[in-house]
Amino acid sequence: MLLLRCGLALVFIYHGYPKLFGGTERLVESFRAIGLPAYVVYVAGAIEFLGGLALGLGLLTPVAGLLLVFDMAAAMWKYNFNAGIYAVREYELPLILGLASLVVAATGGGPFSLDRPIFGRKPAPVAEPKPTS
């Protein structure tokens, strides 16, 4: 899970960073060209950048994973399905990123995550055996 989370984090941070911190004007125009309002660039950027950070740290992985699934579903729906569902080459990246995010959301961050010490279950106390007489 650690490797999957880190790989996803790298890709999502890479794609979210420019939507928040650089080249935003060009991206706003691209989003407007497909009928989306300008604020969607910042929403998508925040989900991808912060969701990527959360996955990398293993923090709130079910929430971050689900947000990223919805982000990738929206990307495929508004941007990638223009050539049709049979043009897999057009949507293969958001498809695999969305499915991998769903796996992380469903299974959790794994043993090497911040979710484990923060939200993990504490071990049950061991009951002392009662002496038999």
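Me: Which residues form the nonpolar patch on the surface, and how much accessible area do they have together?
Reply: In this predicted model, local features need pLDDT of at least 70, side-chain atom pairs count only at pLDDT 80 or more, and totals for chains, interfaces and linings use all residues. Residues are numbered from 1 along each chain as its sequence is written, and side-chain values use heavy atoms, without hydrogens or water. The patch consists of Leu57, Leu60, Val63, Leu67, Leu114, Ile118 and Phe119. Together their accessible area is about 650 Å².

Me: Which helices each supply at least two residues of that patch?
Reply: Ile118 of the patch is found in helix 6. The helices asked for are helix 4 (61-78) and helix 6 (115-119).

Me: Arg5 has no salt bridge, so how far away is the nearest side chain of opposite charge?
Reply: Arg5 belongs to helix 1, residues 2-21, and is buried (under 20% relative accessible area, 1.4 Å probe, protein chains only). For Arg5, the nearest side chain of opposite charge is Asp115, at 7.2 Å.

Me: Which backbone oxygen lies 2.6 Å from a polar atom of the Arg5 side chain?
Reply: Arg5 touches several residues (heavy atoms within 4.5 Å), among them Leu55, Phe112 and Gly109. The backbone oxygen in question belongs to Gly109.

Me: Is Ile13 buried, exposed or partly exposed?
Reply: Ile13 is also a helix 1 residue, and touches Glu48, Phe49, Gly52 and Leu53, leaving aside residues up to four places away in sequence. Its relative accessibility is 25%, so Ile13 counts as partly exposed.

Notes
Patches are made of residues with over 30% relative accessible area and no salt bridge: like charges are joined within 9 Å, nonpolar side chains (Val, Leu, Ile, Met, Phe, Trp, Tyr) within 5 Å. Accessible areas come from the Shrake-Rupley method with a 1.4 Å probe; for residues, only the protein chains shown count as cover. A salt bridge is a side-chain nitrogen of Lys or Arg within 4 Å of a carboxyl oxygen of Asp or Glu. Helices (H or I, at least four residues) and strands (E, at least two) are DSSP runs, numbered from the N terminus. Buried means under 20% relative accessible area, exposed over 50%, partly exposed in between (1.4 Å probe, protein chains only). Lys and Arg count as positive and Asp and Glu as negative; His and the chain ends are not counted. A polar contact is a pair of N or O atoms within 3.5 Å; within protein, one must be able to donate a hydrogen and the other to accept it, and residues adjacent in sequence count only if both atoms are side-chain atoms.
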